[in-house]
Amino acid sequence: MKKLSYTLFAAMIVAQLSAQDGRNLWLSSYSRGLIYTDEMKTDGVPDTVTAARTQSGHALVDLGLHVQPNPNLEVMGMIRVRNDFGGFWGSGVTFDLRQLWVRGVIADIIRFQLGDIDYRMSPYTFRNEDEWILGGTSTVSQTSLDMLRYDIFQNDQETWRQQGLAMDFGFQFKKVLDEVNFSLFTTRTNSADFGGSDRLYGGGMMDLQVAKEWHLLYHYANLFDIPETSADPVQLNNPVQSIGLKWNRSLREYELFANAEAGRSRLEWKGDVDAPVLEGGFSDVEAGLYHRASRLKASLGWRAVGANFRSPGAQTKRIRFERSPNAYQRYTNDQVLRPFSTYDLLRDGTLYNTQLEAGLMTFDPRYGNALPYGTATPNRSGVNARVDWQTEDGVLDLGVRWTSLDDIAGQGTDELRNFQLIQGNASLHLGTYFGWERDLDLDLVFSSENTTRDGKAYEQSDLNNQLIDVALEWEFFEHLSLLAEWRSYTSKGNDLFAVRDLYTQVTDFQEVQFDGQEQLIGGGMQYRFNQKIAAQLFYQSFNWSDPLSGYQAYRWNNWQFNFIMTL
Amino acid sequence: MKGTLKFITLFALIGMLGCSEDPEGPLLSDLYGEFSLIAGLEVSSDAVDFCSGESVFFTAEFSKSTDWELRIQGLSSGSEKIISGKSRRLDATNTSWNGSTTDFPLFRAEQAEITLYVPEDTLYMKDTVSIDVPKCDEGFVLLDFESGENPLWDEFVQSGGQMTFNVDDVDTAAQGQYYYDMAGEVNWDWLIGYLYVPSASFSDSVLQGGNTLPLSGDPNNVYVNFLLNSPVGITNELLLIRINEDEDLDGTFNGANEDQYSIEIRNVDPGWNLYSFKYSELAALFNGQPTNAAGNDLHEPDKIHQVEFLFLANPSSGYSRLLMDYVVFTEGGPLDP
């Protein structure tokens, strides 16, 4: 029986510490302590109402107890103890059960995990895709982002943390097929206790390895309500299914590969006579190569996602754009709600989503207009290309991604919007270049997203969102590094934002116009005790303005001390 | 490699089968485009006989979906019908008119003027249509006063001041030419006067040989409709309508053991106002308060023996007046004028 890689069991970023011989019982842990000092000042009219300076901080420990009663079974429970600074001897201390799961192998055939599970399938069926506006590599800004991502179980594998049951198993054959693997899951996304019916999300995938080079895939996922679990007569039902193809071949110096996936979705509200039934589909093909000698990887793809394609597992957003930030939630002398910024997204976990949502969540065109729902964003068709290259000596890493998409169905007009998304990143390892023992790294991230539409004056759109992030990290003394970052995010232009009803259908358009400018300048020092333990002292200065928004511009300064330990 | 390309082509086609390319949402041209008139107002027919089931509709076309209002005014009666909507085109689906009225009186056989108004462009367009025969409402007409007073009605008028209880055409009637005018000042009693309409005031052919009004027995299907007009300045009017059932069909009403259902109307606005009541929802009243019906407590419209209209006013409140017209029982729904 070969292992399947699609169920990712308990992806904690922790090391495991053996406590007993035979590892029948062991602990894993993560801990951190941080102190923030913030100061906000508005430009123009001084804000004499909001408390300009705030102090905050906490210490927390995640302690996971792993019990292995026999070689085929493991139980894990993790407790989080958190103390917000300012309490004393228990005041302000919280205890939470952070994780609980059981996993194992039944009869050496079926692998399972019950409780907390991290799961993903294809980008069109079940995938927790990252938002490009949060791209960047600097330790200065990414440290706080990494903390909140850890807290809400977001990771680079783009899995969704769910509660339920997952299992996988497979068969091998001597003729016709090489191997067939199955992976199944069912999770509960809504309890009837909180209104509405019990809602489950379930499905799975089948992987047929037809020959050494060929994989045929089938994915199925369905978000559905259980009838009669509440007084609500309406039950949501949103099945999504797709078939896929993976092919790869090694040819002299080249690795060739091709992927294709196509599928359909159906979204209906059973029992609601006024509700539409939305049916949509998608197609995605990609082919590429990797040249081993030059370390050059390139791919070219095409995709089309129908306007009515609805896939909650793939389209649920990480960010909840309808929320307001926690820090300085109201500001100015009028105490208006402060619109959130990229800086809030780097440090405020309450702006993030942890549960699958039916339909299409709202989004903000300032922070991603081309692919607000990830790869599975409905009503898009076009091409994408990607090139990655690394020098032989490892001094330079380069990557470029280009995506060009058009609306499939016009938004209130036959004129189609065009979306150009260019993302580039470069990492220059100067320490390696000069042959130094210590690192000197310069990183650059550039992303630009353009939305345009021609036509009559009222049809025209021209919106540009742009991210530039430059980061420097210099280990000037053993384990001691100097860090610096400059980050700029701009959103300028106009578009017509589609307003959708409860059934995700466009009912109106809202004119939006932006002249947003956000800039973060930061620096500090980091001492690494080892790869798993670090102490950091950072200063960040963030400026926000958008003269067209009607909100007052502000400057936000922050001193922070972080101590992070992962064991 | 060829096989791979075939598969990729196949995948490209599968997912997009049936994907619509129709624009999503309302048209931007409707929301933000400039307004212009593409086709002017036209009437589908110069003359119309509403009583025979004919209808008329109006057409026009604009460059964008816009709010519009059609105002149809009877040049003789002063009746008015208003049709409004928001669309790019006016056609039979959104402007069909069956002769009904928005503001009373009812249309007569007359010329009607149609005005199309588009607020966004302050556009006015006019046309006319000839109403050869006005709309005939289905139902049993108890009173329309077009034939004057019936000697079989029982009418009583107190000997107060400025007393008027008669059929008149001085003011505009709600329907036809005549209405019933009740007025006077009685400073010793609430009752100013009454008009009792017995089933016997109708011919045998109308009553189909019985002693009750020719209505169905389903109280949920029968509606009582009438039109009232209180002159400007009058605020003390009170109309009590009593409907007596002859439960044992002996040709008489006995208040001690047969049902009487009542309606009280106060605070009638100036101008003609339509009142409609489902028969099953009428209550038995005693001094204006609901009480138990005296008989079998079943609403039986097919046993209505007499309808009584009592015009009342507080004796200390002075002069009062109320105009009444077009008392009609309809079946299947309230009167659609």
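Predicted model: local features only at pLDDT ≥ 70, side-chain atom pairs only at ≥ 80, totals over all residues.
**View 1. A:Asp108 is exposed, having 8 other C-beta atoms within 10 Å.** Residues are numbered from 1 along each chain as its sequence is written, and chains are lettered from A and ligands numbered from 1 in the order in which they are written. A:Asp108 lies in the loop between strand S6 (93-106) and strand S7 (110-119) of chain A, where helices (H or I, at least four residues) and strands (E, at least two) are DSSP runs numbered from the N terminus. Its phi is near 55 degrees, a positive value in a residue other than glycine.

**View 2. Two loops of chain B hold a residue with positive phi, B:Asp297, and a cis peptide bond ending at B:Pro105.** Phi of B:Asp297 is near 60 degrees, and this residue sits in the loop between strand S17 (289-290) and strand S18 (304-312). B:Asp297 is exposed, with 9 other C-beta atoms within 10 Å. The peptide bond from B:Phe104 to B:Pro105 is cis, with omega near 10 degrees, and B:Pro105 belongs to the loop between helix H3 (92-95) and strand S5 (110-118). Most residues other than glycine have a negative phi, and most peptide bonds are trans.

**View 3. The largest nonpolar core contains 65 residues.** Such a core is a set of buried Ala, Val, Leu, Ile, Met, Phe, Trp, Tyr and Cys residues joined through C-beta atoms within 7 Å. The members that touch the most others are B:Ile114, B:Ala174, B:Leu228, B:Phe311, B:Leu322, B:Met324 and B:Phe329. Strand S19 (residues 320-331) of chain B contributes the largest share of this core, seven residues, and at least three residues come from each of domain 1 (28-133) and domain 2 (140-331) of chain B, the bounds being those of an automatic or database domain assignment. Leaving aside neighbours within four places in sequence, B:Leu228 is in contact (C-beta atoms, placed from the backbone, within 7 Å) with B:Leu239, B:Ile265, B:Val268, B:Asn273, B:Tyr275, B:Leu322, B:Leu323 and B:Met324. A second, separate core of 41 residues includes A:Tyr119, A:Tyr124, A:Phe309 and A:Ala409.

**View 4. B:Leu312, in strand S18 of chain B, is buried, with 23 C-beta neighbours inside 10 Å.** Apart from neighbours within four places in sequence, B:Leu312 is in contact with B:Trp190, B:Leu191, B:Ile192, B:Leu238 and B:Leu240. B:Lys135, by comparison, is 177 residues from B:Leu312 in sequence and 33 Å from it in space, C-alpha to C-alpha.

**View 5. Domain 1 and domain 2 of chain B have C-alpha centres 36 Å apart.** Four residues of domain 1 are in contact with six residues of domain 2. The side of domain 1 that touches domain 2 has three nonpolar, one polar and no charged residues, where Ala, Val, Leu, Ile, Met, Phe, Trp, Tyr, Cys and Pro count as nonpolar, Asp, Glu, Lys and Arg as charged, and the others, Gly among them, as polar.

How values were computed
Buried ≥ 20, exposed ≤ 12 C-beta atoms within 10 Å, placed from the backbone. Contact = placed C-beta atoms within 7 Å.
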